[in-house]
Amino acid sequence: MKITDAKVFVTSPGRNFVTLKIYTDQGVYGLGDGTVNGRELAVVSYLEDHVIPCLIGRDPQQIEDIWQYFYRGVYWRRGPITMAAIAAVDMALWDIKGKMLNTPVYNLLGGKSREAVMVYGHANGIEISETVEEAGRYLDMGYQAVRVQTGVPGLEEVYGISKDKLFYEPAKKGLPPEYRWSTEKYLAHIPKLFQELRDTYGSDPHLLHDCHHRLTPIEAARLGKELEPYHLFWLEDTVPAELQEGFRIIRQHTTTPLAVGEVFNTVWDAHILITEQLIDYLRMAIVHGGGLTPMRKIAAMAEIYHIKTGCHGATDLSPVTMAAALHFDIAINNFGIQEYMRHTPETDEVFPHAYTFSKGYLYPGDAPGLGIDFNEELAAKYPYERAYLPVNRKMDATLFNW
Ligand code: KDG
Ligand code: MG
């Protein structure tokens with residue numbers, strides 16, 4: 001069997017997605033996602049100029065060897081662009097293998113470890129009361145778990161807060177807008193949100209919160225400690241995790257479960273976090289973590305250290321990544337939860353898919369391969385639009401972490 005061609009598509013049905021389609025001499029094709037929010041065209045060039053010429057003529061059945069060829073074989077390893085490009089190839093190859101063997105990819109990953117994939121939705125509001133009400137809407141829809149974010153008095157814009165509900169787009173069209181941030185105001189406000197949520201809905205719902213890399217380890221330790229009475233499912237991205245050792249400080253001070261990793265690319269971003277048991281949930285996405293091939297290995301390593309997965313699933317991860325994540329989630333033993341920020345109806349139309357949502361759970365479906373398709377004619381109606389995540393500054397304009 002041979003790869004005969006591969007094409008990269010950029011489409012923007014509400015936001016930009018990079019999709020790779022690999023064609024074979026057996027008439028079967030596979031789909032992969034290579035989207036990196038705000039750097040989409042860099043992945044397109046990486047794929048078109050450097051990967052596809054080396055891919056044509058190879059046997060698509062040799063997934064491990066092809067993955068190693070583009071990782072070890074390239075000398076310049078790691079990094080978000082490289083790993084997203086490799087992930088796109090890897091997803092497409094698993095898709096092809098599933099279609100050739102006429103079975104869903106989860107069967108190739110060991111079969112189903114569970115009946116369904118628990119997901120969490122995004123409740124947000126400018127005021128605490130609005131966030132509490134939104135969380136209630138998710139609970140009414142059957143969700144067991146909700147991520148809750150709220151505006152902070154004195155700050156005009158806060159990450160994760162949008163007028164849109166159910167799904168929202170964190171990237172803004174055009175050049176990056178700039179927001180202002182105060183850790184002091186944020187830390188003083190957030191515990192009130194959780195007090196209100198537990199008073200309203202009791203102890204049952206799983207509540208999650210994302211700090212979006214805004215804290216130092218000791219600030220994270222303070223927040224984790226103050227939130228302990230509200231029993232969070234997880235506290236996410238407290239600090240930028242380049243300094244993995246920083247998590248030792250947080251861990252020494254709080255029993256609030258910690259999640260991190262949506263910007264990680266390889267196991268080398270997380271090996272200390274894993275082996276020292278400094279976190280509880282690893283957030284790496286199938287696309288940004290290099291595909292299903294390395295993610296299976298990282299999950300297996302995490303399993304030994306009592307760490308579960310919680311794959312990133314915001315709107316900038318295409319339905320192809322969502323499909324791949326669901327096959328992974330349903331197959332591995334140490335699955336924790338899957339983020340599910342729904343896509344717009346336009347995106348769902350461009351990417352028809354077998355996965356379905358019911359009462360707080362996602363189901364990958366039983367279609368062969370990843371169970372995802374790509375409507376090229378429709379995609380062509382939504383050309384690339386420049387868009388970036390905002391840039392963040394402290395109140396005195398010092399550049400800070402988004
Ligand atoms: O591209 C960045 C977004 O996906 C990110 O800001 C969303 O933090 C996020 C999350 O947890 O979904
Ligand atoms: Mg996050």
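Reader: Hi! Let's start with Gln149: where is its place?
Author: Hello! Gln149 sits in strand 5, which covers residues 145-150. One thing to keep in mind as we go: this is a predicted model.

Reader: Noted. Is Gln149 buried or exposed?
Author: Gln149 has a relative accessible area of 2%. Buried means under 20%, so Gln149 counts as buried.

Reader: And which side chain does Gln149 join in a polar contact?
Author: That would be His209, whose side chain makes a polar contact of 3.4 Å with the side chain of Gln149.

Reader: Nice. Moving on to the metal: which residues coordinate the magnesium ion, ligand 2?
Author: The magnesium ion is coordinated by Asp210 through OD, and by Glu236 and Glu262 through OE. The distances run from 2.0 to 2.2 Å.

Reader: How are those donor residues spaced in sequence?
Author: The spacing of the donors is D-x25-E-x25-E. Glu236 and Glu262 link distant parts of the chain, being 26 residues apart. Glu236 belongs to strand 9 (residues 234-236), while Glu262 is in the loop between strand 10 (258-260) and helix 9 (271-275).

Reader: Are Glu236 and Glu262 buried or exposed?
Author: Both Glu236 and Glu262 are buried.

Reader: Now for ligand 1. How many residues surround it, and which are the closest?
Author: There are 13 residues around ligand 1, and the closest are Asn37, His212, Glu262, Asp316 and Glu339. So Glu262 turns up again here, as one of the closest to ligand 1 and as a donor to the magnesium ion, if you'll read that "so" as "there you have it" under the 4 Å cut-off for being near.

Reader: What about Glu236, how far is its side chain from an oxygen atom of ligand 1?
Author: An N or O atom in the side chain of Glu236 is 3.0 Å from an oxygen atom of ligand 1. For Arg283, a side-chain N or O atom is also 3.0 Å from a ligand 1 oxygen. His312 has a polar side-chain atom lying 3.0 Å from an oxygen of ligand 1.

Reader: How much of ligand 1 does the protein bury?
Author: Ligand 1 taken alone exposes 330 Å², and the protein buries 92% of that.

Reader: Change of topic: what is the phi of His213?
Author: His213 has a positive phi of about 65°, although it is not a glycine. Most residues other than glycine have a negative phi. His213 is in the loop between strand 8 (206-210) and helix 7 (217-227), and at 11% relative accessibility it counts as buried.

Reader: And what is the phi of Asp237 near?
Author: The phi of Asp237 is near 45°, again a positive value in a residue other than glycine. Asp237 lies in the loop between strand 9 and helix 8 (247-253). With a relative accessible area of 0%, Asp237 is buried.

Reader: What happens at the start of helix 11?
Author: There, a side-chain oxygen of Ser318 reaches to within 2.9 Å of the backbone nitrogen of Val320.

Note on methods: Residues numbered from 1 in each chain as written. Chains lettered and ligands numbered in written order. Predicted model: local features only at pLDDT ≥ 70, side-chain atom pairs only at ≥ 80, totals over all residues. Heavy atoms only, no water. Polar contact = N/O pair within 3.5 Å; in protein donor to acceptor, adjacent residues only side chain to side chain. Helix = DSSP H or I, 4+ residues; strand = E, 2+ residues; numbered from the N terminus. Areas by Shrake-Rupley, 256 points an atom, 1.4 Å probe, with all protein chains shown as cover. Donors = N, O, S within 2.8 Å, 3.2 Å for Na, K, Ca; no water. Buried < 20%, exposed > 50% of the residue type's maximum accessible area, 1.4 Å probe, protein only.
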